[in-house]
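Below is a short briefing to read beside the coordinates. It goes from one residue to the wider fold, topic by topic.

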Amino acid sequence: MASSFAVTGPAGPAASPESAFVRLWLGFATARVGVAVALLILLLGAGLAGTPPVSGWLVGLCGTYLAATLAVRLLARPGRPGAAFDPQWVSSIGVDLLVFACLQFVQAGGIYYAPLFAVPVLMASVLGSTSLALGTAAAVALLLLAEAWVLALQSPGDMAQRFVQGGLTGIGFFALAFLAHQLALRLEREEAAARRSRKLALMQVQVNQLVIDALAEGVLVVDPAGEVQAANPAARDLLGAPAGEQPLHLSDDPAWAPLAGMAGRTFDSRQPQLADLALEQAGAPARHMYARTRLAAAGEWPSDSLCVIFLQDLREMEARLRTEKLAAMGRMSTAVAHEIRNPLAAISQANELLEEELHDPAQRQLSALVRQNAQRLSQIVEEILDVARVQHQPIDPAQARLNLDPAVAAHCRDWATQNRAGQRLALVLAASPQQPVDFAPHHLRRILVNLLDNALRHASAAPDAIQVATTGAAQPTLTVWSDGPALEPAVERHLFEPFFSSDSRSSGLGLYICRELCGRHGARIGYRRGPAPGGDRRAGNAFFVAFRTSGTAGAHPPFAKIAV
């Protein structure tokens, strides 16, 4: 393997400024300038002293050499490692050999210049190829032997000593070239391996950062001093911290003290920690989260370790678990409902046939009880199957638009007639006829009947105990109000979840189906405790549906009670 290094002009390819070979090239280029300055100063000093006299052309040679080294140092740029340095031999190493050889042959100023040949030999060995390194050492050895032969001609008595001195010096330069070149080869291999490792490490860091940023789970990396070294967007959102790269410290907010305590216990015990935390910030509701820690030991000393904190919103966790459980329960319930439907129909039909033959009042009462419970089971089965129908039933956009007040009035009158609740129901309709809502009529009927059935179950027997109101403001709204008692907070939190009901006789699917239907039409359903929409101050339970509209809101009349 050959080590080489290209030196190019400003337009050539440049090497990385962090490369060791760049630093070596700069060191050699600077050293050549220093040698040129030293030679010029020595020769000028020797020329001024006059002993021995120095020829002016040697001073000019050193000045030219200084200009050449400065030009290389200032204008040339190190290139990428490769065999491209060999052609630069003439402009750098060749110039050095020529100048040093001239000075050595002339012995200007009575100075021995042979040690200066170490500069071009080292430069060729470190930056050039193997052939360039050995060739430069061979050239120096030949120059020294030639110089010994010239001196031997002048003084034949010292011939052997001069040849031995030149040969030993040449051998020394060969050894220096070989060792320096081997060290350069090893440096090149290690630098290439380090470059590959650094590239892989940077790639791994970028991948890890992308994965962590995409996690729905919050991730904090904390040092023993409480400084947050890294935090993904989910963690900043859970902590209520500003987004971006702004540095965080767990002591910045008193609400983060529980997290700082967990991190401290992790560093002290060197064991993972688990806890449910409530971060209470001023002017905001408490943030309930599940936190777990892991210790990332980067060294033997505790100060080298980092604590990784994983944060999850407890509400989201509970909602996800409920969704998974409800999905599994829904699939099972749908399958069971299909299996129950046929036997239930057979039971109802057999009971009807049996009831025709019964004359004893006690037996007819038992038959009526069977009929009522079979009807109740049939209704529950239909509600369970309705969930699947709602999720898969397509909506025709051409039919999913209606005027709210006429549709609500018609459905309420039908419901009141069927349930004999005309005196207890009042309508307060004020939606604009110029503002139709995007909703399928049969879906509106199902929602209205479900809400009215719930209101009838909990309302009193007083007149106007149930009120249905519409408004025609910026967003048309339907409200079903009843004067029933206030809901418990535990019940209110789960109102629209499937299979949840405070009444043992209900399947708990009515409000869930209402929510699904509203979601399919872009509407929103909710609950609030407040006064009746008719104007009196009675407190009651109000379920409201805020509709989506396609038209422009127009003028609408004030509230007016309509008899049913």
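Serine 482 has 5% relative accessibility, so it counts as buried, the cut-off being under 20%. The model is predicted. Serine 482 belongs to strand β11. Strand β11 (residues 477-482) is also where confidence in the chain is highest, at a mean of 92.

- Beyond its neighbours within four places in sequence, serine 482 touches Ala455, Ala459, Ala465, Ile466, Gly540 and Asn541.

**Confidence**

- The mean pLDDT of the chain is 78. A score of at least 70 is reached by 80% of the residues.
- Strand β1 (residues 5-8) has the lowest confidence, with a mean of 41.
- Residues 1-15 have a pLDDT below 50. This stretch still makes 67 contacts in the model beyond near neighbours in sequence.
- Residues 552-564 also have a pLDDT below 50. Their count of contacts beyond near neighbours in sequence is 33.
- Where pLDDT is low, predicted coordinates should not be read in detail.

**Overall make-up**

- The chain contains 14 helices and 14 strands.
- It has 564 residues, and 39% of them count as buried.
- Take the contacts between residues at least 6 apart in sequence: 67% of them join residues at least 24 apart.

**The six-stranded sheet**

- Six strands make an open sheet in the order β5-β4-β3-β8-β7-β6, and the pairing is antiparallel.
- Its edges are β5 (248-249) and β6 (274-279), each of which pairs on one side only.
- Strand β6 runs antiparallel to β7 (residues 287-296), joined by 6 bridges. Across this pairing, leucine 279 faces arginine 287 of β7.
- Strand β3 (residues 218-222) is joined to β8 (residues 306-313) by 5 bridges, again antiparallel. Valine 221 is set opposite valine 308 in β8.
- Strand β3 also has 3 bridges to β4 (residues 227-231), and the two run antiparallel. Leucine 220 has alanine 231 of β4 as its bridge partner.
- A hairpin is formed by β3 and β4, with 4 residues between them. Glycine 226 lies in the turn and has a positive phi of about 90 degrees.

**Cover on strand β3**

- In a regular strand the side chains alternate between the two faces of the sheet.
- Of the 5 residues of β3, 5 are buried.
- Both faces are covered: one side carries Gly218, Leu220 and Val222, the other Val219 and Val221.

**Aromatic pairs and a charge over a ring**

- The count of aromatic pairs is 4.
- Tyrosine 65 and phenylalanine 100 have ring centres 5.8 Å apart and planes at 70 degrees, so this pair is edge-to-face, the cut-off being over 60 degrees.
- Tyrosine 65 sits in helix α2 (residues 56-75) and phenylalanine 100 in helix α3 (residues 90-106). The pair links parts of the chain 35 residues apart.
- Both of these residues, tyrosine 65 and phenylalanine 100, are buried.
- Phenylalanine 100 also forms an edge-to-face pair with phenylalanine 117, at 6.1 Å centre to centre and 85 degrees between the planes.
- Phenylalanine 117 lies in the loop between α3 and α4 (118-127), while phenylalanine 100 is in α3, so their pair ties together parts 17 residues apart in sequence.
- Phenylalanine 117 is buried, as is phenylalanine 100.
- Tyr65, Phe100 and Phe117 make up one aromatic cluster.
- Elsewhere, the charged end of arginine 292 sits over the ring of phenylalanine 310, 4.5 Å from its centre.

**Two helices checked for length**

- Helix α5 (residues 130-154) has 25 residues, so at 1.5 Å a residue it should span 36 Å. Its end C-alpha atoms are 37 Å apart, which agrees.
- Buried residues of α5 include Leu132, Thr136, Val140, Leu144, Glu147 and Leu151.

Terms used: Residues are numbered from 1 along each chain as its sequence is written. Side-chain values use heavy atoms; hydrogens and water are left out. The expected span of a helix is 1.5 Å times one less than its number of residues. Buried means under 20% relative accessible area, exposed over 50%, partly exposed in between (1.4 Å probe, protein chains only). pLDDT is the predictor's confidence in each residue, from 0 to 100. Contact means heavy atoms within 4.5 Å. Two strands pair if DSSP finds at least two bridges between them. Rings of Phe, Tyr and Trp (its six-membered ring) pair if their centres lie within 6.5 Å; planes under 30 degrees apart count as stacked, over 60 as edge-to-face and the rest as tilted. A charge sits over a ring if NZ of Lys or CZ of Arg is within 6 Å of the ring centre and within 35 degrees of the ring normal.
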